[in-house]
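Please look through the sequence and the model first.

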Amino acid sequence: MSDNKHFLLESGDEQQEMLENLKRLLASTDATNAQLALTLLKNGGVPDSLHHDLLLVSKTHADASIRAGIRRLLEKHAAPEWQALAQNGTSFANIVTAKEKDIRDKMSRMAKEVGWEGTALLGCLLFERFGKGLSFVLTYPKQDPHRLKALQMLTEGDVFDFHRGVGYYNWKNEKPEAIMLSQVQTGIPFPGDHPDAARIRAINFHNCKFDSVAPDVQAFANVEEMDLSVNNLKGLPPAFAKLTKLRKLNLSFNRLTKFPDVLLKMKNLEELDLRYNGRFSYYSVSPTPLPVPDGFYAEVPGCRVVV
């Protein structure tokens, strides 16, 4: 190891390897490993490339002394715009078991102290590491750059998994009698402002607590598959007819009491799931099928409807 007290700030293959090892130590849940990384950073300097890793440790490590030690390092070395975030003592040490709603509420309180910019940064970092924390960023106003980044983080190729960011339970493998609809106001706008909406081919809106689909759904003009199951939908907007390439639509476990007329215009539909609608409630499932008008089969003869 170099005698230079700032050896971690030097460039070269050896230093790069040290930084990678430090990242692994910081990501460890073992307090001994994190303490070793903390000692090395105190002695060798704090590279800018580690600031994100350090921020995560300062907010999520189970050991309070580790969180405090890393926080002091950030207070000393982080850029001025990071200081409020670095100094804030909000802990997410239980993030692995915490519910997304509880994380969102905690981040909402934190944003009032450190600002929206820093909270959005932390939310994205938490999501990258733990798969949680993004829902608060999704509550930002439409077209906000942080929200747009969050929407892109939920997109892989031409598949948009909004459900993953909203963070509610995945009911897809549960028995129908176990599924419960709950009317929750998430404060998350419908993602019609997705920056790459036109290239999306498949969307997962399962259990996103929607009580309506916004007219800007038409931004997803090339979508072919859409899962809207386990929401609180009572209908679909006229703009839904703009999704002319839609082939598969899952509307099961919603609050539809009437067949959405707009579906009569969906000429390319091949599969339509309408199971468990009508009198479906929070506590029970009624097997009463939603009536499908004969006109639908005449207008969309190639569609297989499951009721």
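This is a predicted model: local features need pLDDT of at least 70, side-chain atom pairs count only at pLDDT 80 or more; totals for chains, interfaces and linings use all residues.

Residues are numbered from 1 along each chain as its sequence is written, and side-chain values use heavy atoms, with hydrogens and water left out.

**Overall make-up**

- The protein chain contains 11 helices and seven strands; helices (H or I, at least four residues) and strands (E, at least two) are DSSP runs numbered from the N terminus.
- The C-alpha trace spans about 80 × 40 × 30 Å along its principal axes.
- Of the 307 residues in the protein chain, 50% are buried. Buried means under 20% relative accessible area, exposed means over 50%, and partly exposed lies in between (1.4 Å probe, protein chains only).

**The sheet**

- Seven strands form an open sheet with mixed pairing, in the order E1-E2-E3-E4-E5-E6-E7. Its edge strands are E1 (155-156) and E7 (304-306), each of which pairs on one side only.
- Two strands pair if DSSP finds at least two bridges between them. Strand E6 (residues 271-273) runs parallel to E7, and three bridges join the two.
- Glu 271 has Arg 304 in E7 as its bridge partner.

**Salt bridges**

- The whole structure holds 13 salt bridges, each defined as a side-chain nitrogen of Lys or Arg within 4 Å of a carboxyl oxygen of Asp or Glu.
- Asp 105 and Lys 101 form one of them, with the closest N and O atoms 2.9 Å apart. Both residues lie in helix H6 (residues 100-114), four residues apart, which is about one turn of the helix. Asp 105 is partly exposed because its relative accessibility is 30%, and Lys 101 is also partly exposed, at 40%.
- Arg 247 forms a salt bridge with Glu 270, the closest N and O atoms being 3.4 Å apart. This pair links distant parts of the chain, 23 residues apart: Arg 247 is in the loop between strand E4 (225-227) and strand E5 (248-250), and Glu 270 is in the loop between E5 and E6. Arg 247 counts as partly exposed at 23% relative accessibility, as does Glu 270 at 38%.
- Arg 275 and Asp 273 meet through their side chains in a salt bridge of 2.8 Å, N to O. Arg 275 is partly exposed, with a relative accessible area of 33%, whereas Asp 273 is buried, at 12% relative accessibility.

**A charged patch**

- Glu 10, Asp 13, Glu 14 and Glu 17 gather on the surface in a patch of negative charge. Such patches consist of residues with over 30% relative accessible area and no salt bridge, with like charges joined within 9 Å.
- Glu 17 is part of helix H1 (residues 13-27). Glu 17 counts as exposed because its relative accessible area is 53%.

**A buried side chain**

- Phe 253 lies in the loop between E5 and E6 and is buried, with a relative accessible area of 6%.
- Phe 253 and Leu 274 are 21 residues apart along the chain, and their C-alpha atoms are separated by 7.7 Å.

Terms used:
Patches are made of residues with over 30% relative accessible area and no salt bridge: like charges are joined within 9 Å, nonpolar side chains (Val, Leu, Ile, Met, Phe, Trp, Tyr) within 5 Å. Accessible areas come from the Shrake-Rupley method with a 1.4 Å probe; for residues, only the protein chains shown count as cover. Lys and Arg count as positive and Asp and Glu as negative; His and the chain ends are not counted. The place of a charge is taken as NZ of Lys, CZ of Arg, CG of Asp or CD of Glu.
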